[in-house]
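This report describes the fold and selected local features of one protein chain. Please consult the sequence and the structure shown here while reading.

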Amino acid sequence: MKLTPKLTLAFLLVSLIVTTYNRPDALAAVLAGLLAQQDRGFEVLIADDGSREDTRELVERTARGAPLRIAHVWQEDRGFRAGAARNRAFLQAQGEYLVF
């Protein structure tokens, strides 16, 4: 019997896409939880469906001190277009795996 080595996520970057719209309080809780992880093999892309300025400020402030990549991918608010926001974030993802 031939054994094949197991592929582990330790060497792969995971792109985590978080969708948001005008809920900086909820987004702050999500980001705090992600930053508390011991594993740093991931990046965070915030797929923003047209939030106000306070969301942008939160993401920028959090990204400045983060030990991993946090990208804010914003689109103009033209109604509910969360799918389009996620697609924009997908285009900026650098990971081998995507998590939505």
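## Overall architecture

Helices (H or I, at least four residues) and strands (E, at least two) are taken as DSSP runs, numbered from the N terminus. In these terms, the chain of this predicted model follows the pattern β-α-β-α-β-α-β along its sequence, with three helices and four strands.

Along the principal axes, the C-alpha atoms fill a box of roughly 60 × 25 × 20 Å. The chain has 100 residues, 35% of which are buried. Its accessible surface amounts to about 6500 Å², and carbon and sulfur atoms account for 56% of this area. Of the contacts between residues at least 6 apart in sequence, 78% link residues at least 24 apart.

## The β-α-β unit

Strand E2 (residues 42-48) pairs with strand E3 (residues 70-74) in the parallel sense, over five bridges. Within this pairing, Ala-47 has Val-73 of E3 as its bridge partner. Together with helix H2 (residues 53-64), E2 and E3 form a β-α-β unit that is right-handed.

Val-14 is located in strand E1. Its relative accessibility is 16%, so Val-14 counts as buried, the cut-off being under 20%. Beyond its neighbours within four places in sequence, Val-14 makes contact with Gly-41, Phe-42, Glu-43, Tyr-97 and Val-99. The C-alpha atoms of Val-14 and Ala-93 are 8.8 Å apart, although 79 residues separate the two along the chain.

The loop between strand E1 (14-20) and helix H1 (24-35) contains Asn-22. This residue is not a glycine, yet Asn-22 has a positive phi of about 50°. With a relative accessible area of 17%, Asn-22 is also buried.

What is the relative accessible area of Phe-90, and how is Phe-90 classed? The value is 43%, and Phe-90 is therefore partly exposed, since this class lies between the limits of 20% for buried and 50% for exposed residues.

Definitions and conventions
Residues numbered from 1 in each chain as written. Predicted model: local features only at pLDDT ≥ 70, side-chain atom pairs only at ≥ 80, totals over all residues. Heavy atoms only, no water. Buried < 20%, exposed > 50% of the residue type's maximum accessible area, 1.4 Å probe, protein only. Contact = heavy atoms within 4.5 Å. Pairing = 2+ DSSP bridges. Right-handed = clockwise from strand over helix to strand, strands pointing away. Areas by Shrake-Rupley, 256 points an atom, 1.4 Å probe, with all protein chains shown as cover.
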